Amino acid sequence: PEIRDRYQFWAFSYPTGVPILYSAMRLRAELRAMRAHYDPSGTNSHLDRMVLVGHSMGGILSRLMISPSNGKLRDWSDKPLDELNLPPDLAAMTQEMFQFEPQPYVGRAVFIATPHRGSDVAARKIVQRAAAIIQVPRELKEAVLTTVNLNPEIGLIADATIDSMNSVDDLRPDSEFMRALGGDTIAPGTPFHSIIAVGTHGAAEPLASTDDGLVRYPSAHLEGAASEKIVAAPHKAFDHSDTITEVARILKLHR
């Protein structure tokens with residue numbers, strides 16, 4: 001009852017395979033649209049202290065809501081955005097994807113089994129073959145092609161070719177995205193919590209060598225977390241009783 005009386009739960013759905021920065025852009029846009037629709041006057045203080053709870057890749061999307069881009073996230077060209085010849089709508093979309101600040105209305109984040117430093121599974125050949133069939137969103141594909149057509153002198157960076165625009169490539173530990181994300185991009189002052197699955201037998205092993213079947217502990221661990229809960233569960237840890245109890249604890253303490 002304490003949680004039900006204080007919270008209204010919303011869910012954000014996104015295609016798992018599309019580039020992470022694209023999904024993060026859509027999430028920021030949806031959150032802003034929701035706030036504008038339900039609180040056009042900007043007087044509802046509850047909407048200024050949202051809690052984001054993200055599992056796996058959803059945890060990375062949540063992290064990008066409380067992180068600045070800091071100029072580390074390269075776009076798909078080898079030329080700065082402000083030097084490209086782009087129509088206004090395309091320039092705005094491109095800037096939204098690669099240049100952003102922490103969203104001030106997010107007051108806390110919870111990461112569940114989140115691969116902050118990528119997953120070795122994403123680099124496996126069979127996974128890469130599966131990634132080849134992922135459909136790139138039309139507006140994203142058109143944006144890249146238009147950029148190239150209007151700026152024939154530019155080149156595409158290695159990780160930004162149309163064929164490799166998917167979240168699987170983003171999640172490779174050695175991807176440009178993961179190298180840029182690093183481990184210290186979260187804005188100071190926004191508390192965050194980690195719930196890390198270590199597999200059903202992981203609790204008896206040294207943490208550094210554990211994993212949940214997809215994500216290793218060193219990838220899920222972030223320095224500076226307000227709390228870190230270890231759960232003896234596989235990657236699908238969001239429905240584990242310990243995870244549910246920990247999320248409830250965090251929601252109760254949030255003010």
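Predicted model: local features only at pLDDT ≥ 70, side-chain atom pairs only at ≥ 80, totals over all residues.

Visitor: Why is Ser-69 called buried?

Guide: A residue counts as buried under 20% relative accessible area. Ser-69 has a relative accessible area of 6% and is therefore buried. Its place is in the loop between α3 and α4.

Visitor: What does Ser-69 touch, not counting residues up to four places away in sequence?

Guide: Ser-69 touches Phe-98, Gln-99 and Phe-100.

Visitor: Which residues touch the most other members of the largest nonpolar core?

Guide: They are Ile-20, Ile-60, Leu-64, Met-65 and Phe-177, in a core of 35 residues. At least two residues of this core come from each of α2 (20-38), β1 (50-55), α3 (57-65), α4 (88-98), β2 (106-112) and α8 (176-181). The largest share, 8 residues, is supplied by α2.

Visitor: What makes Met-65 a residue in contact with Leu-31?

Guide: Contact requires heavy atoms within 4.5 Å, so this pair meets that limit. Beyond its neighbours within four places in sequence, Met-65 is also in contact with others, including Ala-24, Leu-52 and Val-106.

Visitor: Which element gives the most to the lining of the largest pocket?

Guide: That element is β1, with 6 residues. The lining has 36 residues, and Gln-8, Phe-9, Trp-10, Val-51 and Leu-52 lie nearest the centre of the pocket. The pocket holds about 1,400 Å³ of space.

Visitor: How do the residues of this lining divide?

Guide: There are 23 nonpolar, 9 polar and 4 charged residues.

Technical notes:
Residues numbered from 1 in each chain as written. Heavy atoms only, no water. Core = buried A, V, L, I, M, F, W, Y, C linked by side-chain atoms within 4.5 Å. Buried < 20%, exposed > 50% of the residue type's maximum accessible area, 1.4 Å probe, protein only. Helix = DSSP H or I, 4+ residues; strand = E, 2+ residues; numbered from the N terminus. 1 Å grid on protein atoms, 1.4 Å probe; cavity = no way out; pocket = protein on both sides within 12 Å on 5 of 7 lines; lining within 4 Å. Points joined across faces, edges and corners; volume = space filled by probe spheres on them. Nonpolar A, V, L, I, M, F, W, Y, C, P; charged D, E, K, R; others polar.
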